[in-house]
Amino acid sequence: MLLGTQRVNSRGHLEVGGCDTVDLARRFGTPLYVIDEATVRANCRSYRAAFESRYPRTDVSFAGKAFLTTAMARLVAQEGLGLDVASAGELYTAIKADFPAEKLLFHGNNKSAAELELAFQYNVGRIVVDNFHELAMLAAMARDKKSSRKILLRVAPGVDPHTHRLIRTGQEDTKFGFNIKNGDALSAVRQALEAAPHIQLAGIHCHIGSQLLDASTHVEAIDVMVGFIRSLKDATGWSAQELDIGGGLGIRYLAEQLPPTLDDFATTVIASLKDAFARYDVDEPALLLEPGRSIVGEAGLTLYTIGAIKTVPIPEDPGQRIYVAIDGGMSDNPRPQLYESVYSALVASKATLPADTVATIAGKHCETDILIWNTPIAEPKPGDVLAVQSTGAYNYAMASNYNRFTKPACVFVLDGQADLVSERETLDDVVRLDRVPERLWT
Ligand SMILES: Cc1ncc(COP(=O)(O)O)c(C=O)c1O
C-alpha cells in the first residue's frame with residue numbers, strides 16, 4: 001500500500017515527498033513522524049473543490065485535534081480552510097500561527113472560563129457551545145464585556161455510527177452536545193435567542209463519529225439535523241443560517257479499507273442535504289464541515305528503528321510468533337491500545353523484497369504495547385527502518401511521555417526537502433518541569 005507521494009526509489013527504499021525514508025531516519029533519528037505536505041495540500045484542495053462545486057456556500061475547516069503544530073496551522077491557512085480548535089493549547093497554536101481569527105471554530109464539551117476569555121481576547125469566529133453551563137457563562141461574559149459572540153449549538157442527533165464505541169460521538173447516550181429527544185436542544189436554542197444580541201445564534205452542529213468508511217451515518221444524521229431545523233422554525237420562528245456536520249470520514253489503514261473518494265462522499269452528502277431541505281421545506285443554510293483524519297491521516301507515516309527480534313512458541317498455528325521490537329510504541333501511537341486500531345507497515349530499506357515474514361510489531365513500553373499483530377513484512381534485522389503507514393492523524397496529537405520517553409520529532413517533506421516542524425524532545429525536556437522540595441535532597 002503506497003499512499004500519497006510514496007514510491008519505491010532506485011535504491012529499493014521507500015520514498016515520500018521525494019525524500020528517502022532511510023535517509024530521513026538517519027538524519028532526524030527515530031521514531032520520526034513524517035508528513036507528506038503535498039498530500040495534505042491535495043486533500044485540502046480536494047475537499048474544497050468537491051463540496052464547493054456542489055454546494056457553493058460550503059466552508060471546510062480542518063479539525064486540529066487530528067494533528068496540529070504551528071506549521072500545520074500555517075498550511076491550513078494557506079489552503080484557505082478554517083480551523084477547529086478544541087482547547088486553549090490548540091487555540092494558542094492557531095494564534096501563534098497568525099491564523100485568521102474569524103475562521104476559527106472553538107470546540108470542547110467543558111470549556112473553562114479562561115478558555116472562553118481567550119476566545120473573546122482573540123475574537124474567535126465561532127464558538128460551538130456544548131451545554132447549558134457554557135451557554136450561561138458565555139452570555140454573561142458577553143454582556144459584561146458589552147460585546148457579542150457568534151455561536152453554533154452542538155446537538156446529539158441520536159444516530160449510531162458503526163465504528164469503534166470509543167470514537168462514536170453522535171448517539172443518544174453521549175457526553176457531547178444537547179440532546180434533541182429530551183428537549184434540551186430546543187431549550188438551548190430558546191436560551192441562545194433570548195441572549196441576543198450578546199449571543200448571535202448562527203446555526204447548529206453535530207459530529208457523529210470517526211473513521212466512518214461510508215456516508216450512510218452522515219446521511220442519517222443530515223435527515224435528523226434538517227428535520228430539527230424545521231421543528232425549530234416551527235417552534236421559535238428561528239431559521240438556522242449554518243449547518244455544521246462535523247468530520248468523520250475514514251481512511252485506509254489497511255489496503256482493504258476503501259473509504260469513498262471525496263467526490264463520491266460530497267455527491268452523497270450534498271444530495272441528501274438537498275433532498276432533506278426540500279422535504280422539510282427549510283431555507284438552505286451555509287454548510288460547514290470539519291474533517292480531521294481524512295485530511296492528514298494517510299499523509300503521515302512513522303519511522304522506527306528495529307531492535308530486538310524474538311521468536312516464541314504459541315499453541316495456535318503456525319506454532320510461533322516473531323516479535324519485532326521498535327524504538328517507540330504507545331507513547332507515540334496509543335491508538336492500538338485505546339481503540340484496537342489496525343495499521344500496516346513495511347521495512348523501508350527493503351521495499352522491493354517480498355513481505356514473507358509474519359511479524360508482530362512490539363513497542364518498548366512497560367505494557368504489552370503491540371502496534372501491529374501478525375503483519376507480513378520483509379525479513380527484519382536489527383537496525384532496519386520500519387515505516388508504519390497512515391499515522392498522520394491522532395498520533396503526534398496523542399503522544400505522551402509514558403515511561404518518560406521523549407516525544408519524537410516531526411518533519412514535513414515536500415519535493416525532496418525535509419523540514420522539522422516539531423523538534424524531538426530531549427532528556428532535559430523530560431525533567432524540565434520537575435521540582436524537588438528541599439527536604440528530599442537531604
Ligand atoms: C467536533 C469534532 N469535529 C471534527 C472532528 C474530526 O473528526 P475526524 O478526524 O473523524 O474527521 C472531531 C473528532 O473527534 C470532533 O469531535
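Me: How many of the six residues of strand β20 (residues 409–414) are buried?
Reply: This is a predicted model, in which local features need pLDDT of at least 70, side-chain atom pairs count only at pLDDT 80 or more, and totals for chains, interfaces and linings use all residues. Residues are numbered from 1 along each chain as its sequence is written, and side-chain values use heavy atoms, with hydrogens and water left out. Strands (E, at least two residues) and helices (H or I, at least four) are DSSP runs numbered from the N terminus, while buried means under 20% relative accessible area, exposed over 50% and partly exposed in between (1.4 Å probe, protein chains only). Strand β20 is mostly covered, and its buried residues number five.

Me: Which residue of β20 is the bridge partner of Asp-36?
Reply: Two strands pair if DSSP finds at least two bridges between them. Strand β4 (residues 32–36) pairs with β20 in the parallel sense over five bridges. Within β20, the partner of Asp-36 is Val-413.

Me: Which residue takes a positive phi in the hairpin of β20 and β21?
Reply: Strand β21 (residues 417–422) pairs with β20 in the antiparallel sense over five bridges, and Val-411 stands opposite Leu-420 in β21. The hairpin has two residues between the strands, and the residue with a positive phi, near 50 degrees, is Asp-415.

Me: Which residues of strand β8 (residues 126–129) point the other way from Arg-126 and Val-128?
Reply: In a regular strand the side chains alternate between the two faces of the sheet. In β8, Arg-126 and Val-128 point one way and are buried. Pointing the other way, and also buried, are Ile-127 and Val-129.

Me: What is the handedness of the β-α-β crossover from β8 to β9?
Reply: Three bridges join β8 to strand β9 (residues 149–156), and the two run parallel, with Val-128 opposite Leu-152 in β9. A crossover is right-handed if, with the strands pointing away from the viewer, the path from the first strand over the helix to the second runs clockwise. The chain crosses from β8 through helix α6 (residues 132–144) to β9, and this crossover is right-handed.

Me: How many residues apart in sequence are the parts tied together by Asp-434 and Arg-404?
Reply: Asp-434 forms a salt bridge with Arg-404, the closest N and O atoms being 2.8 Å apart. Asp-434 lies in the segment after α12 and Arg-404 in the loop between β19 (385–389) and β20, so the separation in sequence of the parts they tie together is 30 residues.

Me: What radius of gyration does the protein have?
Reply: The radius of gyration is taken over C-alpha atoms, and the globule rule is 2.2 Å times the number of residues to the power 0.38. With 442 residues, a compact globule would have a value near 22 Å, which agrees with that of the protein, 23 Å.

Note on methods
Salt bridge = Lys/Arg side-chain N within 4 Å of Asp/Glu carboxyl O.
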